[in-house]
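The sequence and structure are shown first.

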Amino acid sequence: MNVVGISGSLRRGSFNAALLRAAIEVAPEGCVIEHADIHGVPLYDGDVESTQGIPAAVRELKDRLARADGVLLVTPEYNGSIPGVLKNAIDWCSRPASDIERVFGGRPVGVIGATPGMGGTRLSQNAWLPIIRVLGMDPYFGKSLYVAGAGKVFDAEGALVDATIRRLLTDYVAGFAAFVSRSR
């Protein structure tokens, strides 16, 4: 089983990139989570799309998503909602609209996130739900993971050092993998 994980933060020391790396580490046997980098995805511009087509970085991401058995969005929370860079990448991947079914349709999706604040990305994760619905994805609701106080959960190198969060992440990833497996 192949899951594509996308961190919604571009920051080098991103807690969400660290959470994605930890999810990759704890993935159960038979489940491979691959990190898809969105650094090369430009800001969406309909003029670019109509004159130059879909950028190479977007085509690559779309193809990875289309081949995946599931998608794991690892989302920060910016100003009480979703991060623009991750939304931008998903918006590009929905172009042209005729590709939405191939890239997203019926694909299982999980959403987790980490923040240094106390809210644990609850608002961001909830804000993704209408987008997931419009794209026709199949959201995983079996478990949830909202990592608050991320500065204390990861060490200076970005390794997950909190045993409770590691257990919760392991449980989440195992549940999501089982959900994806049932969806295949």
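Phenylalanine 179 counts as buried at 14% relative accessibility, where buried means under 20% relative accessible area, exposed over 50% and partly exposed in between (1.4 Å probe, protein chains only). The model is predicted: local features need pLDDT of at least 70, side-chain atom pairs count only at pLDDT 80 or more, and totals for chains, interfaces and linings use all residues. Residues are numbered from 1 along each chain as its sequence is written, and side-chain values use heavy atoms, with hydrogens and water left out.

**Aromatic pairs**

Seven aromatic pairs are counted. Rings of Phe, Tyr and Trp (its six-membered ring) pair if their centres lie within 6.5 Å; planes under 30 degrees apart count as stacked, over 60 as edge-to-face and the rest as tilted. Two of the pairs are set out below.

| Pair | Centre to centre | Angle between planes | Class |
|---|---|---|---|
| Tyrosine 44 and tryptophan 92 | 4.8 Å | 70 degrees | edge-to-face |
| Tyrosine 140 and phenylalanine 179 | 5.3 Å | 45 degrees | tilted |

Tyrosine 44 lies in the loop between strand 2 (32-35) and helix 2, and tryptophan 92 in helix 4, so their pair ties together parts that are 48 residues apart in sequence. Helices (H or I, at least four residues) and strands (E, at least two) are DSSP runs, numbered from the N terminus. Tyrosine 44 is partly exposed, with a relative accessible area of 33%, whereas tryptophan 92 is buried at 0%.

Tyrosine 140 is buried, at a relative accessible area of 9%. Ring pairs also link Tyr140 and Phe179 with Tyr172 and Phe176 in a cluster.

**Helix 4 and its cover**

Tryptophan 92 is one of the buried residues of helix 4 (residues 84-93), along with Leu86, Asn88, Ala89, Ile90 and Cys93. Their cover includes strand 1 (2-7), helix 2 (46-52), helix 3 (56-67), strand 3 (70-74), helix 5 (100-103) and helix 6 (122-135), with contact meaning heavy atoms within 4.5 Å.

**Cavity and pocket**

The structure holds one cavity of 30 Å³ or more. On a 1 Å grid over the protein atoms alone, a cavity is a set of points where a 1.4 Å probe fits but cannot get out, and a pocket is an open set with protein on both sides within 12 Å along at least five of seven lines; lining residues have an atom within 4 Å of a point. Grid points are joined across faces, edges and corners, and a volume is the space filled by probe spheres set on the points.

The largest cavity has a volume of about 40 Å³. Its lining includes Ile90, Phe104, Trp128 and Met137. Strand 3 and helix 6 are the elements that give two or more residues to this lining, and helix 6 gives the most, with four residues.

The largest pocket has a volume of about 180 Å³. Of its 15 lining residues, Val111, Gln125, Leu129, Tyr140 and Phe141 lie nearest its centre. Helix 6 supplies the largest share of the pocket lining, four residues.
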